[in-house]
Amino acid sequence: MKLNITIPKSLKPFFYKELELAESCLSNNDLKASWRHLERAHILGQPYPYHHTLVHLKMLRFGIKIKDSREILGQIPRLLVGGIKSFIGEIPVGNTGGANVPPLRPMEIPKDLQLIVSEYR
């Protein structure tokens with residue numbers, strides 16, 4: 001069992017850039033792009049408890065903003081267990097984190113994120 005505590009410093013800028021882009025798109029009412037950046041941030045931050053939980057909080061906020069009850073209800077259990085699963089290293093790699101996908105399904109990581117993960121993790 002691998003215990004993950006903090007995101008590597010070299011990976012942080014990529015993670016926070018995705019969150020920044022998500023916020024920018026949301027403020028411009030580009031919901032599709034905002035969600036895509038939240039999913040990308042989830043993929044990058046998923047192995048690290050704090051960052052994994054932070055993305056789920058942002059996804060919950062997104063669901064509240066667009067009044068999507070499915071997303072709101074889907075984020076609650078992810079908030080409760082996501083960080084714990086990250087801490088013990090038992091995550092479904094590549095999962096995008098939204099209520100539109102099963103929480104334990106591994107998914108393919110986009111090629112550009114694969115490069116970032118392999119180089120900076």
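Predicted model: local features only at pLDDT ≥ 70, side-chain atom pairs only at ≥ 80, totals over all residues.

Me: In which helix does leucine 79 lie, and how far apart in space are leucine 79 and histidine 52?

Reply: Leucine 79 belongs to helix 4. From C-alpha to C-alpha, leucine 79 and histidine 52 are 8.6 Å apart in space, although 27 residues separate them in sequence.

Me: How should I read the packing of two helices, for instance the angle between helix 1 and helix 2?

Reply: The angle is taken between N-to-C directions, and angles over 145 degrees count as roughly antiparallel. Helix 1 (residues 12–27) packs with helix 2 at an angle of about 165°, their axes being 8 Å apart. The two helices, helix 1 and helix 2, are therefore roughly antiparallel to each other. In passing helix 2, helix 1 makes a left-handed crossing.

Me: Which residues of helix 1 and helix 2 meet, and how do they divide by class?

Reply: On the helix 1 side are Phe14, Phe15, Glu18, Leu19, Leu21, Ala22, Cys25 and Leu26; they meet Leu31, Ala33, Ser34, His37, Leu38, Arg40, Ala41, Leu44 and Gly45 of helix 2. The residues of this contact comprise twelve nonpolar, three polar and two charged.

Me: Are helix 2 and helix 5 roughly parallel or antiparallel to each other?

Reply: Angles under 35 degrees count as roughly parallel. Helix 2 (residues 31–45) and helix 5 (residues 111–120) pack at about 30°, with axes 11 Å apart. Helix 2 and helix 5 are therefore roughly parallel to each other. Their crossing is right-handed. Arg40, Ile43 and Leu44 from helix 2 meet Asp112, Leu113, Ile116 and Val117 from helix 5. By class, this contact of helix 2 with helix 5 has five nonpolar, no polar and two charged residues.

Me: Finally, how is a pocket to be described, and which residues lie nearest the centre of the largest pocket?

Reply: The largest pocket has a volume of about 220 Å³. Its lining consists of 14 residues, with Arg78, Val81, Gly82, Pro103 and Leu104 lying nearest the centre. Helix 3 (49–65) and helix 4 (69–88) each contribute at least two residues to this lining, and helix 4 provides the largest share, five residues. The lining of the largest pocket includes five nonpolar, seven polar and two charged residues.

Notes:
Residues numbered from 1 in each chain as written. Heavy atoms only, no water. 1 Å grid on protein atoms, 1.4 Å probe; cavity = no way out; pocket = protein on both sides within 12 Å on 5 of 7 lines; lining within 4 Å. Points joined across faces, edges and corners; volume = space filled by probe spheres on them. Helix = DSSP H or I, 4+ residues; strand = E, 2+ residues; numbered from the N terminus. Nonpolar A, V, L, I, M, F, W, Y, C, P; charged D, E, K, R; others polar. Axes fitted to C-alpha atoms, helices over the stretch in contact; angles between N-to-C directions. Parallel < 35°, antiparallel > 145°, perpendicular 65-115°, else oblique. Left-handed = near helix turned anticlockwise from the far one by under 90°. Contact = heavy atoms within 4.5 Å.
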